Amino acid sequence: MNERRLHPFTVLRFLRKTLVVYLLPLVQVLFERNWTALHTALRQDALLFLLLCAVSWGILRVSSWSLDDTGVFHLHWRLGIRLDRALRGEMLAALTIDRPLLYRMAGASRLTLYPVGAAQKHTLSVCLPKADAEAVADQLMPLVKPTLHRPAGGERAALGFLGANGLSTLALFVLAVRQTRDVPDWNPAVFAQIQVSFLARFAARWLPAGAAWLLAAAGFLLGASLMRSFAQTVHYTVWHTADQIGSRGGWLEHFECRVRTSEISFADVRISPAARLMKRWPVFVTAGGCSPELPLFVYRSGEEALFRELLPEFRMPPDLLARTEQRSLIFFAPAGIPFALCLLLTLVSATVLPQLTVTLLIPTLFFGALLAGAAVGYRREGLWLREGRMTLRRQQGLYLHCICVFHPDVCLTAAQSPWAASVGRTNLTLTFPGWVKLKVRSVPLRDAEKFFRFMETN
């Protein structure tokens, strides 16, 4: 075996976790507030930086990797004692290769290996040069005669989200600017006539503008996230072979995912109001502890043939309404409580602090949308057996997840409260390899028993 060194970017994770160490010497500057304390803190930071650089150099010196003649990947660690971790290709459920912009500039790739049945925290992530990462991936999970597809639905869906977010963020910035201009001048004599505390006077002066700018900042950060998602969907390619399915793409950041089809736990079609409007449906695949944040592919209405070619065993849950008699109202609690609170604050502000009313309407509408999503989940969430497959539908926020179970190794857990037992309902939790869990709430007990009987006979 020819042992090779890891890429120097391996220590970035270690340095990122030690950033708080640099702030410790600066704490005393907040109390003493003089140049001498600042110079002392900077010297201490310089010494800490040199110490951490020495530790990082040691990490790179004692760690290495290699591929033997049988194609087994070895990760070596030598610090006093020798520790080796070996992984064969047959042991992997999936692998991913990430190349953020900074990594691309340095010629590095982050290779993440997901062993079969291992939780996400037990995955193996290494930073290798680009050519080495591709060579290891081709050795562990080679692509043999892949069939390529280039669906265009993902780019347009991400661009639509980005455009809508741009308009909403612009409206929030306009609102924030108007609220800032409308801040009343500070007149202590006027406020002294009103017998309120200092905090109340401060809130009346700055809370409307501060809340508006906070919402604008949240919209901007969401826009940055959507921009990143759009950049990752450019040049998106999906392929499948006899035993694998995967995708790659990206403009500024490159991403590649390879999944062994025999280890797919479940496939998830996520339906949102925007997806219904644009008629583009993202499909996510989970295998072991690998749950990528990007969809495997996005297909448009009328392209179901591509969906069937990539995932021929997928069965969509039937388009039926769930039985809602005596169903628990817990669906409405997560969104209903903050919605009621925001609505109450909005009504109070209309008479007490009118400048804040428009700003409070935004989170009220947001939680109102989540409450509408909860109503959809109340009527649609459930589980069904269809053509020899376990299918289920669950609501999470604004997304309705249509899931088909692929892997036979599934643990079913039914949990009942005394009230649920009296009305014949239960919460059913499905646990997959990698400790990935899905929970379907307040389903009829007889439907859950069908799942248990199906697992016993298959």
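1. Of the 458 residues in the protein, 44% are buried. The model is a predicted one. Its secondary structure comes to 14 helices and 20 strands. Among contacts with a separation of 6 or more, 59% are between residues 24 or more positions apart.

2. Start with the open sheet. Six strands form it, in the order β14-β13-β12-β17-β16-β15. The pairing is antiparallel. At the edges are β14 (297–300) and β15 (382–386), and each of these pairs on one side only. From one strand to the next, the twist averages 25 degrees.

3. Look next at the β15 end of the sheet. Strand β15 is joined to β16 (residues 389–396) by five bridges. These two strands run antiparallel.

4. Helix α14 (residues 445–457) lies across β15 and β16. The angle between α14 and β15 is about 40 degrees.

5. Now a single residue, Thr431. Which strand holds Thr431? Its place is in β19, which covers residues 425–432. Is Thr431 buried or exposed? It counts as buried because its relative accessibility is 11%, and buried means under 20%.

6. What does Thr431 touch, leaving aside residues up to four places away in sequence? The contacts are Asp409, Val410, Cys411, Val436 and Lys437.

7. Turn to the second largest pocket. About 630 Å³ of space lies in it. It is lined by 23 residues. Those closest to the pocket centre are Leu6, Thr10, Arg13, Ser125 and Val126.

8. Which elements give two or more residues to the lining of this pocket? They are helix α1 (12–17) and the strands β3 (73–79), β4 (81–87) and β7 (124–129). By class, the lining has 13 nonpolar residues, five polar and five charged.

Methods:
Residues numbered from 1 in each chain as written. Predicted model: local features only at pLDDT ≥ 70, side-chain atom pairs only at ≥ 80, totals over all residues. Heavy atoms only, no water. 1 Å grid on protein atoms, 1.4 Å probe; cavity = no way out; pocket = protein on both sides within 12 Å on 5 of 7 lines; lining within 4 Å. Points joined across faces, edges and corners; volume = space filled by probe spheres on them. Helix = DSSP H or I, 4+ residues; strand = E, 2+ residues; numbered from the N terminus. Nonpolar A, V, L, I, M, F, W, Y, C, P; charged D, E, K, R; others polar. Pairing = 2+ DSSP bridges. Axes fitted to C-alpha atoms, helices over the stretch in contact; angles between N-to-C directions. Contact = heavy atoms within 4.5 Å. Buried < 20%, exposed > 50% of the residue type's maximum accessible area, 1.4 Å probe, protein only.
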